[in-house]
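Please read it beside the model.

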Amino acid sequence: MTEMNSKPQGYWQHLVIDWSADKEAFKVNWGKVMMWVFLVSDTFIFSLFLIGYMNVRISATEAWPLTSEVFALVVGGEHIPLLLIAIMTFILITSSGTMAMAVNTAYQGNKNATFWLMIATAALGFGFVGMQAYEWSKLIVEEGIRPWGNPLGAAQFGSTFFMITGFHGLHVTGGVIYLTVVAIKVKLGHYDKKGFQIVEITGLYWHFVDLVWVFIFAFFYLW
Amino acid sequence: MTHIAIADQEPELHHPRTFIGKYIWSQDHKVIAIQYACTAIFVGLVALMLSVVMRLQLGFPDQFDFINPNMYLQFVTMHGMIMVIYLLTALLLGGFGNYLIPLMVGTRDMVFPYLNMLSFWFYFLSVLVLLASFFAPGGPTGAGWTLYPPQSILEGTPGSGWGIVLMLASLAIFIIAFTMGGLNYVSTILQARTRGMTLMRMPLTIWGIFTATILGLFAFPALLVSAIMMLFDSVLGTSFFMPAIVSLGEATDYEGGSPILFQHLFWFFGHPEVYIVALPAFGMVSDVLSVHARKNIFGYRMMVWAIVIIGGLSFVVWAHHMYVSGMNPYFGFFFATTTLIIAVPTAIKVYNWVLTLWQGNIHLTVPMLFAIGFIFTFTHGGLSGLFLGNVVIDLPLSDTFFVVAHFHMVMGVSPIMVLFAAIYHWFPLVTGKQLNTRLGMIHFWGTFLGTYAIYLPMHYIGFLGVPRRYYALGDTSFIPDSAHALNANITIAVIIVALFQLIFIINLFWTIKREPKSRINPWDAASLEWHTPDVPPRHGNWGKELPTVHRWAYDYSVPGVVDDFIPQHVPDSDVTYEPGYDRTATGREST
Ligand code: HEM
Ligand SMILES: [Cu+2]
């Protein structure tokens, strides 16, 4: 390493030296690197699910149901397209905000605020899952949509919808549990010595799950 | 935000005291590695037995009535899947990755030992689920290791009920296991190296394992996604991959799915998988060659970049497995081009291995023999791959024994050669004993020559048009008379090769029971893993302090230096030079 420092250095050389330094390639704690790598891997899963969805949507032999009608909510006798989903998306994005605040307070050492902000995030996530369950039950009970069949048109509509939103919902549910556990451990003082990076790591996961939702939203509800 | 280095702030390792904590639910990377290795070798032997049964049928059709057509297909499938995933991937990454990473980069363990332990137990579970399918109603799936729908879940294929479901479930569990292990390997290599261990001082073994793990983390998702979709198709009746189709004379309920989508997903995983197996093997063979030729590896930087570039390119060649599936010809052109481009860094690696041997002080030890054997088998497999990469040549050869011979040379035998080299090479580190050389020599020559006896004729019968995955050929008049005995010859060679593997197993047990302790670091290797305070290394690997690294792992026969090699942790000030040697003249200072 020392001999490297004696060479003339530009920005790129600095970058190379940063990455090839001993001990650590990135100046962050290993947990964060591990979470990042996991998220990239998970990105591949979701991308492939979505590409698969696009593919079967194109190859489906029957018509795709009209999304603005399937996903509409009836309020006072009016069909309002995308209302439920707008609320769900709003809730999830709000939860990203509370999560960011939790990370901030954690690094300030304010354990109480962190605890409550994380619990609030988890509660919003829980609300999201609840509304998703409601939407599923509406599709299943009222519209008669099943993974294997669909009175409104292509069977693949139900298959992809339940599979992908289900997989995302599992991620949110897992995130709610993860947030709650970390929040409680913060409160109990488990991280007082180790530092509070764990809150940020949890946050990374949570923001990722939100971001994925934006894509699912765009591909399922707006296409 | 302030940042604290890992190794220094890491709390004391907890040393387990119970038997279960030490050897069963152990979090020590070395114990986990051995658990991985033993499980993988065990299923590997099962897969070997299956191939012997398959060969009996092919070599002597109508002689063995305990093999029926369904069983043949089931054995082909299980053999292929076990070999690729549950033996090679698990042994190279779960076994050698686990053992070598912390020792070679100089840490006390993986960064997240608990997850590492879970990784093994998930792998173990996936193996149990896989083997359970042998006892399930209808037996294991016979769909071929590629599991192509629609046939994999339609009734005509053996194991289309329980078999395929268990297979997919087992794969999903394996992927979870791999992810837990893989996250550890990557994070440990990136963030937990010891002082002085820069990325460009890491042994090539670590580079190979590192790149392969990244490939796995990005490629296994495709297998997971296709497994989930196929599970739904077969259990819930969805139509992701299933078009409207008539099965056994009856129309099914499927409609509008895309079987080609599965092939794309599968090979988006499947091709990188080839390199998940190959890259760790490339790395380990480089190190073995360098140690036993007492010469530094030729073109270290080139070797690193070749590994990384091969890894990157391996994601854009997948459709060369689908030339016969029906694709836009321009796609075929694109994928043929990328495929041939991969040959460039690969060829560089082969040249560098040969140049490492060039004028080296070659010790023909057992690991070295296997490593040199690898150069042969890999070159042969790679050359036939160049042919198959071209659309017009692949079309007639696809699904013949030529393909079987090709991929066995390149990704079957070659990694196995390296695995044997690695086992013979690192056995003294793991157990403190050196495997018996005489038995090792017998094992090597039997395996190496036997391999050629099996696979060279296989290329030829493939060229003649003998199809793969066939229980029996029926009319054989298209094969010239002179070639009729070949299939029987191959089978006899297989039986002999299988018996030679028994010698290896016996050698393992014999050595552990009977051989005396060997010298520490018997091959005089310079890399860090051989320089732990205790051999075999104890829990925590290093004594009070982590080692500091001062050089790369390849300082063998350094000009002017008295010792034959300089271990990585020896500072320049401790190196003894020959009297009167002018150090400044060589410009060696800046390695
Ligand atoms: C002595 C060792 C081996 C023998 C004799 C052997 C023999 C065979 C035979 C006879 C087939 C079936 C060909 C057909 O009917 O289509 C086959 C398929 C296969 N083998 Fe091996 N094999 C051996 C080792 C390996 C290894 C180490 C690997 C690891 C990559 C491997 C991977 C495969 C794969 C992927 C298939 C294709 C399965 C399929 O068609 O679905 N084999 N092998
Ligand atoms: Cu390929």
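**Note on the ligand 1 and copper sites**

1. A nitrogen atom of ligand 1 lies 2.8 Å from a side-chain N or O atom of B:His79, a polar contact being a pair of N or O atoms within 3.5 Å. The model is predicted: local features need pLDDT of at least 70, side-chain atom pairs count only at pLDDT 80 or more, and totals for chains, interfaces and linings use all residues. Residues are numbered from 1 along each chain as its sequence is written, chains are lettered from A and ligands numbered from 1 in the order written, and side-chain values use heavy atoms, without hydrogens and water.

2. Backbone atoms also contact ligand 1. One of its oxygen atoms is 2.6 Å from a backbone N or O atom of B:Trp145, and an oxygen atom of ligand 1 is 2.4 Å from a polar backbone atom of B:Arg469.

3. In chain B, α3 (29-59), α4 (69-105) and α13 (401-431) each give two or more residues to the shell around ligand 1; helices are DSSP runs (H or I) of at least four residues, numbered from the N terminus. The most come from α4(B), with seven residues.

4. The copper ion (ligand 2) is coordinated by B:His271 (ND1), B:His320 (NE2) and B:His321 (NE2), at 1.7 to 2.0 Å. Donors are N, O and S atoms within 2.8 Å of the metal (3.2 Å for Na, K and Ca); water is not among the atoms, so sites may look incomplete. Along the chain the donors are spaced H-x48-H-H.

Note on methods
Polar contact = N/O pair within 3.5 Å; in protein donor to acceptor, adjacent residues only side chain to side chain.
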